[in-house]
Amino acid sequence: MLGFLVRLLPFWIREPLIILVGTVFGVRILFMALVDGEGWVPAVIGAVFLLGAALRVRVVVHALRARRRRAPATEAELEPVTPVPVTPAPVTPAVRRPVEKKPNAFAQASFAIGLFAVIGGALWIEGKLPEDGTAATGASRPAACRLDEDEELPSAYRSTPGAVTGADLCRALNRTELPELLGTPAERSVYASGTDNTAPLTDRKVAQPEARVEFETYTVELSATYNKLTVAQYAKLTTYGDGRDARKLTVLGRPALLTSDHMMKIQFDLGSGEGASGPVEQGPLARTLTVAFDGKDRGGSYDLTVWSESGLLPDDSALVDIAEAVLPRITRGARDQD
């Protein structure tokens, strides 16, 4: 459809337009390939765009030369009057046709280039404008949170005063500055979700909402557990296990604890024949920052967990920075909990 519309344009508008678009796309793709290190495939595509633009320039140059060599049609366009065979009759003078004024090729080309320059400038300015009231920092917009809006909220949330939902946690966690806090400012979130879970082994009586944001390098999970277990009690429990990586600290004036543990890895065979079901395996190492709900540590906590498939983990200071940026922004309101 777009090609059909382009063919309908006059020659002196269509050709400069194709040259402009091909040059812009070619230079941009070559820049991505050579400067951003996107690989040789974008370099080939960019070269093809520039080659096509060069061929169109050659066509326009030949057309301009042909117009200049064309003689102005003046005397050839005169319409002679057939002479009357009678000798005494006066000869009727020749009637001169008005010369048809042809469109100016340079004016059409200049107009097309100027028009698309204005459009390109408007698009560039629009990309620099702030989105959602946030100053433009060059960071990509995060992926939208996926929520289970149709599922009924468990009764544990309605019976727990002040309980937030997975949507509330996802809204607080899924922020544009999160990649920078993780130490990977060039990345953007590829998946985000919020779920209204309950804590295991509690007969669905303890609310435990969760939010997850995934990047190419790291995965970040934020959960809130509304039980009576304090951070101090949890710190004592870690001494009975392998608590060598456990570290006590204070975050936002509240007791906090850093711990390490391996994620679980489960494989299922869905009938495709490509894999087989097996027992639960040990997944990649994860680092978790547990922060009490309040400074008095009266029970319940937030858990901020970070891991990667490669096994790499950010510094503990990154988890603290994320907690200090995210936890104050957790507010109720994504769902009606009355």
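Q: How many helices and strands does the chain have?
A: This is a predicted model, and the elements are DSSP runs counted from the N terminus. On that count the chain comes out with 9 helices and 8 strands.

Q: How many bridges join strand 2 to strand 3?
A: Strand 2 covers residues 191-198 and strand 3 covers residues 207-214.

Q: Which residue in strand 4 is the bridge partner of Glu210?
A: Strand 4 spans residues 219-225 and runs antiparallel to strand 3. Those two strands are joined by 5 bridges, and they form a hairpin with 4 residues between them. Across that pairing, the partner of Glu210 is Ser223.

Q: How many of the residues of helix 6 are buried?
A: Buried here means under 20% relative accessible area. Helix 6 takes in residues 166-173 and is mostly covered; among its buried residues are Asp168, Leu169 and Cys170. The tally for helix 6 is 7 of 8.

Q: What share of the residues of the chain count as buried?
A: Apply the under-20% cut-off to the whole chain. The chain has 338 residues, and the share that count as buried is 32%.

Q: What percentage of the contacts with a separation of 6 or more comes from residues 24 or more positions apart?
A: A contact needs heavy atoms within 4.5 Å. Take the contacts in the chain with a separation of 6 or more, then pick out the residues 24 or more positions apart: they account for 62%.

Note on methods. Residues numbered from 1 in each chain as written. Predicted model: local features only at pLDDT ≥ 70, side-chain atom pairs only at ≥ 80, totals over all residues. Heavy atoms only, no water. Pairing = 2+ DSSP bridges. Buried < 20%, exposed > 50% of the residue type's maximum accessible area, 1.4 Å probe, protein only.
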